[in-house]
Amino acid sequence: MKKKISIAVVLFCVTINMFSQAKKEVFKPDWESIRANYKVAEWFRDAKFGIFLHWGPYAVPAYSSEKYPKGIYDPKWSKGGTKPYTYHREHYGEPSKFGYKDFIPQFKAEKFNADEWISLFKEAGARYVVPVAEHHDGYAMYNSKFTRWNVVQTGPKKDVMKMLSDACHKQGLKFGMSSHFAYNRLYYKKDDPTWDTNDPQYYDLYGKPVKEGDKPTQEYLDLWWNRTTDIIDNYKPDLLWFDYGLDNEGFKSVHKEILSYYYNKGVEWKKDVVFQDKNMKYESFPEDLIVLDLERGRMDGINKLPWQTDTSIGKISWGYVTTEEYKTSDYLIDELIDIVSKNGCLLLNVGPKADGTIPDEAKAILTDMGKWMKINGQAIFDTRPWKIYGEGPTKVSKGNHTEKENKDAVAEDIRFTTNGDTLYATSLAWSETGIFTVKSLALNNSYEKRAVKSVQFISGNNKINWKQNAEGLVINVKGTKPCESAYVFKIEFKK
């Protein structure tokens, strides 16, 4: 009798466990199943500003860009007039004797302090942080089970990714990770048989020989899957970001599977997760099921779906280089304001040095942004777009890699955001006359029938006068400009 009871208990437990497992599979690997259960995480819609981190062994030579590893083996590749192919041979020798793998022991991160990094980013106003988990170079910036070329077994000899994750959680920031590994199979050229890229003992870093037009093999797809799910399972990222290598028809078989896998993990972890892709070369994912990311580019109007721009604090590289040309905090604040007014978020990249320190120039820019955020952040965080994104003569180009086409904003360029019944109007430059005219709020305008009740100048202690007439909401700010960046007006309406 006891034996029968024990068997029944075991069967009951197995059944409950199977039911529990099945219950977790909310998202099936099918677009309609995903669509039926998906919604954009509210925390992401509220966050508006994040920090991207391109950090890896490419920071050791600190030359050209984060694609220095590619340039070592490609005589045609250059960045801003710099040629890693020539530079490497002049400074390190032929890659048959010193290849990219030989930088890894020099990548020590001996001064790395995760808490200091996250404190800096939080002070800047960032609400999420996304370190690169693995770039095209194939080096894992995490404790990987599927490659020996990782930060625990080589280089820093410590799990810097876990340290960053722990620091984010401790300081209340969301933690994401990015994968660029899909392009690894095509990254390193193997034209010269003497190069270390052709040595089979290093194929696990450089990849096996493959022709440019060939689709990924099943062996490679399995490796990509294992490495990607390893990232997901062991670090539980709030956000997962993919580079353009995944936007390839050869990866079609994993698109639905990885999206449903990650979303189901979010259910299991009891948190809302964010999946980002570019759809740059091939539409890998329906854009209503993910958050679309634009690289170094923006939308030209309000996008009905939340989206993101990823760009760098520097004009040249994503990874640290000694010759970087840094953008100004003023420019980046304007960019953030414009993106937020169009229902987007800004993921701003910083390239740390090989020793684990943030460049002083980047620190200064982030500090400036943080000062502006402390005063004006209410017009950014937790807001939503208004009926129009803004007004003014300066337009931006739409799409990936368009930021170089954009011009500096002027005082007439005003961007709108809302929080509840409050409207924020932010001028992207100072008016030398002290007069700001919000034309969209002219009497009898087509956007807001209620009359303006009050206007506050958020950016400084300056006294203001205002009136609403046929020209617009005319605001006269007394005195000199209180800061060097954008200027925020908080507007309330009569009931």
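## Strand pairing and helix packing in a predicted model

Strands S14 and S15 (residues 473-477) pair in the antiparallel sense over 5 bridges, where two strands count as paired if DSSP finds at least two bridges between them. Ile464 has Val477 of S15 as its bridge partner. This is a predicted model, in which local features need pLDDT of at least 70, side-chain atom pairs count only at pLDDT 80 or more, and totals for chains, interfaces and linings use all residues. Residues are numbered from 1 along each chain as its sequence is written, and side-chain values use heavy atoms, with hydrogens and water left out. Helices (H or I, at least four residues) and strands (E, at least two) are DSSP runs, numbered from the N terminus.

The open sheet with S14 has 3 strands in the order S12-S15-S14, with antiparallel pairing. Its edge strands, each pairing on one side only, are S12 (435-438) and S14 (464-468). From one strand to the next the twist averages 15°.

Another open sheet has 5 strands, in the order S9-S10-S11-S16-S13, and is antiparallel in its pairing. Here S9 (390-391) and S13 (452-457) are the edge strands, each pairing on one side only. Asn419 has Thr422 in S11 as its bridge partner. Helix H12 packs on this sheet and touches S10 and S11, its direction making about 55° with that of S10.

| Pair | Sense | Bridges |
|---|---|---|
| S14 and S15 (residues 473-477) | antiparallel | 5 bridges |
| S10 (residues 414-419) and S11 (residues 422-427) | antiparallel | 6 bridges |
| S4 (residues 239-242) and S5 | parallel | 3 bridges |

Helix packing comes next. The axes of H12 (residues 329-341) and H13 come within 9 Å and cross at roughly 50°. That angle makes H12 oblique to H13. Angles under 35 degrees count as roughly parallel, over 145 as roughly antiparallel, 65 to 115 as roughly perpendicular and the rest as oblique. Axes are lines fitted to C-alpha atoms, for helices over the stretch in contact, and angles run from 0 to 180 degrees between N-to-C directions. Ser329, Leu332, Ile333, Leu336 and Ile337 of H12 meet Ile365, Asp368, Met369, Trp372 and Met373 of H13.

Helix H6 (residues 114-124) packs against H13 (residues 360-376) at an angle of about 45°, with the axes 7 Å apart. H6 is therefore oblique to H13. Contact (heavy atoms within 4.5 Å) is made by residues including Leu120 and Phe121 of H6 and Leu366 and Met369 of H13.

Two loop residues have positive phi. Phi of Ala62 is near 50°, and Ala62 sits in the loop between S1 (49-53) and H4 (68-72). Ala62 is buried, at a relative accessible area of 7%. Asn444 has phi near 65° and lies in the loop between S12 and S13. Asn444 counts as exposed, at 78% relative accessibility. Most residues other than glycine have a negative phi.

Conventions: Buried < 20%, exposed > 50% of the residue type's maximum accessible area, 1.4 Å probe, protein only.
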